[in-house]
Every structure is written in C-alpha cells, then in structure tokens.
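Open the model in your viewer and keep the sequence panel beside it. The tour goes from one selection to the next and says what is there.

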Amino acid sequence: MELTARKKQILKVVTERYIDTAEPVGSKFIAQDMGGSISSATIRNELADLVEMGYLEQPHTSAGRVPSPKGYRLYVNELMEKRSVSEQEAAQISAALGGQMRELDSVIAQAGQMVSSIVSYPAYAVASGKASVTVRRCDLLMVDGESFIAVVMTNDNRVKSQLLRAQLPVNAEQLSALANLLNTHFTGVGAEEMGEKLMGLTGQLPPEMFMLLATAVEYATAVLDQSERSQVFTTGQTQLLRQPEFQDPGRANELMSLLTDRRSDLPLPDADTPMQILIGPENVNEALRDASVVVASYDIGENMRGLIGVVGPTRMDYAAVAARLSYFAESLSKMFGKGNQLPPKEDDRS
C-alpha cells in the first residue's frame, strides 16, 4: 500500500492535533482542517489505511485516531516543520545563561533546570568524554588538631572538598607544607601517577607527614575517579504529572523512578550528533516505552561533550522542544568556548 501525499497530509493533521489536545482525532476535524476539499468518507478510508500500515492507532473507546510510534517517526523525519525560538524564548535563554556559573558541576546541573523550566518537561544533563582529568590545585584548611578540609580543583574546573580525619595530631604549619608539596608534585598528573609519586616519597618524609600526605592523595585520586565518570543530573520530574498520559500513577511511577533513582540508565547517545529524537519503543529502557526523549549535544571544550535531554510523552511538541533545545545547546557551546557569546536566533542567521 502506497503512502501517498494525501495520507501524509492526514497523518500530519492527526499528529499535530493530538499533540495539542491529547484527544483522539476524528474525520470531522480533519475534513474541516483540510478546508472541505476531501469528503469525510474518503478521509475515513485513508485513516483505515494508515491504521493498517501502522502509522495510526485507534483507541478501543474512541472513533478517533492517534499516532503510533511509527507515525511519530515519519512525522519527525519528514512532516514536522522546523521551528526557531521566538524572541521571547531567546531572551529567556540568554537571561538564564547570563549568570556567573564557574564550577562545571554547577553549570551542568543548572542547565538541566533551565531546560526543564523552558520546555515544561523533565530534563537531564550530562558531562562526559574527558580523556584525562588531573588536579589543578589543592588546599588544606585547618579545622582542629585532629581534622582538616581538603579542597581539590581539577583541570575541568570542578571543585570538591571534604572533611578528613588525621590519624595523628595535625597543625597549620604541617598542612601548609603538605599543600605546597601537593601543588608542586601532584598536580597535572592522573590518579595512577599520583599513586606512584606517593610511593616514591616513602621513607623521605617523617611518618606523621607521610600519613597526612597519603590521606590527602587518597582523597584527590577519589575526586579524579569520580570526575572521569559521566554524571547525570535530573530535574523537573513532577512536570510529568501534568501530562494526561501520566495521570495514572501506575504509568508514572516507573518513569519517575528512572528519572530519580536510575538516572544512569537514561539514553546517552555515543554519536556526536547535534540532535537525536528517540520515540517510544526506540528507547531501550522499558520505563520509556510510552515516552520520547530529545537529546542535544554541546561542546564543553578540552575534549568534553555535554548532553541535554528532555523526557516527555510521545505526544510532545517535537518541533518546539527541538528548537528550544537546539538553541540552548548552541548557547552553552558559545558560553564555554567564546565567553558567553550566544548564537543568533534562526531569523538572524545568514
């Protein structure tokens, strides 16, 4: 059976109406939308064909039709009109990114929050792909005679700190000497080389100093190990409950659990593509079988790539979400690479 231009037009009308209303679409509305150029009987025949071909589905309790995942895929690939962000949306994104966000973790987490507020769906943000993370600087801050705070800054601008307990009494003079030792010999190298350098100092330092140094180096290597793993930040989970598809707690619970407790299972495309849309069953995770994911990538620099994803019903407004997410991702790339220069709106590009 051939997928004619008229069938595609009807599929487009059904999909966009269903996106707007979350209600099955009947032949009467389609006839009106198409200006009365096609009879209702002809439209019903075309709808039946589209159901048979797998592009539409008919809920049991309704005479109307809704798109299937196959129908959404055709719509996204061929029928969806490309949109650009409005001036108001561009201003909103520019204002959101205008603050001073220095630590990478903070930037990534805030980016997800901004996207969720802009698209009104749950969002997640990831930073990954760093080939080698090293320590840029260490500071050791005295707390009392038995503990101190270790502050570690990595070369990708992450800053971590933790209260550490000393096995022997410690004083400010010792911590100052250790900090100098760390910044002289243990910066600019990976975790494995840090361990080798520590072993090389065995017997060259007083036992109490070596034990303090070992405690600080152990923490620094743990920071490096964590920094080299992808970290997933999620936000806006309750936005799901506003969608008609997820009013049933049974349908919402599994997806909410994925977004809250199993964030590492969210789609993290390996391909370095600017935009990827995964519809319903195209998502491997069973919790996403009734959902769609739109993921955009952006360049952090220093061989690092960031991902911003939006999770919503298969009925989501793909054109609007893709436009906003694309602009946001480009804005982040500009911010990381060119000092907060934001991309032009679509209408301003030559």
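**Before you start**

This is a predicted model, in which local features need pLDDT of at least 70, side-chain atom pairs count only at pLDDT 80 or more, and totals for chains, interfaces and linings use all residues. Residues are numbered from 1 along each chain as its sequence is written, and side-chain values use heavy atoms, with hydrogens and water left out.

**Stop 1: two crossing helices**

Select residues 5–21, helix α1, and residues 40–52, helix α3. Helices (H or I, at least four residues) and strands (E, at least two) are DSSP runs, numbered from the N terminus. Two packed helices are described by the angle between their axes and the distance between the axes. Axes are lines fitted to C-alpha atoms, for helices over the stretch in contact, and angles run from 0 to 180 degrees between N-to-C directions. Here the axes come within 10 Å and cross at roughly 85°. That makes α1 roughly perpendicular to α3 (65 to 115 degrees; under 35 is roughly parallel, over 145 roughly antiparallel, and the rest oblique).

Now show the side chains of R6, K7, I10, L11 and V14 in α1, and of T42, E46, L47, D49 and L50 in α3, which make the contact (heavy atoms within 4.5 Å). By class, this contact of α1 with α3 has five nonpolar, one polar and four charged residues. Ala, Val, Leu, Ile, Met, Phe, Trp, Tyr, Cys and Pro count as nonpolar, Asp, Glu, Lys and Arg as charged, and the others, Gly among them, as polar.

**Stop 2: salt bridges**

How many salt bridges does the structure hold? There are 14 salt bridges, each a side-chain nitrogen of Lys or Arg within 4 Å of a carboxyl oxygen of Asp or Glu.

Stay on R6 and E46: they form a salt bridge, with the closest N and O atoms 2.7 Å apart. R6 lies in helix α1 and E46 in helix α3, so the pair ties together parts that are 40 residues apart in sequence. R6 counts as partly exposed at 37% relative accessibility, whereas E46 counts as buried at 5%. Buried means under 20% relative accessible area, exposed over 50%, and partly exposed in between (1.4 Å probe, protein chains only).

Next select R315 and E245, whose side chains meet in a salt bridge (2.5 Å, N to O). R315 is in the loop between β10 (304–313) and α11 (318–338), and E245 is in the loop between β7 (231–235) and α10 (249–261), 70 residues apart. R315 counts as buried at 7% relative accessibility, and E245 counts as buried at 13%.

**Stop 3: an open sheet**

Move to the three strands of an open sheet, in the order β4-β5-β6 with antiparallel pairing. Two strands pair if DSSP finds at least two bridges between them. β4 (135–144) and β6 (159–165) stand at the edges, each with a single partner strand, so one side of each is left without a neighbour in the sheet. Eight bridges join β4 to β5 (residues 147–154).

**Stop 4: a loop residue**

Last, select S68, in the loop between β2 (66–67) and α4 (69–79). Is S68 buried or exposed? S68 counts as buried, at 3% relative accessibility. Leaving aside neighbours within four places in sequence, S68 is in contact with G54, Y55, L56 and E57.
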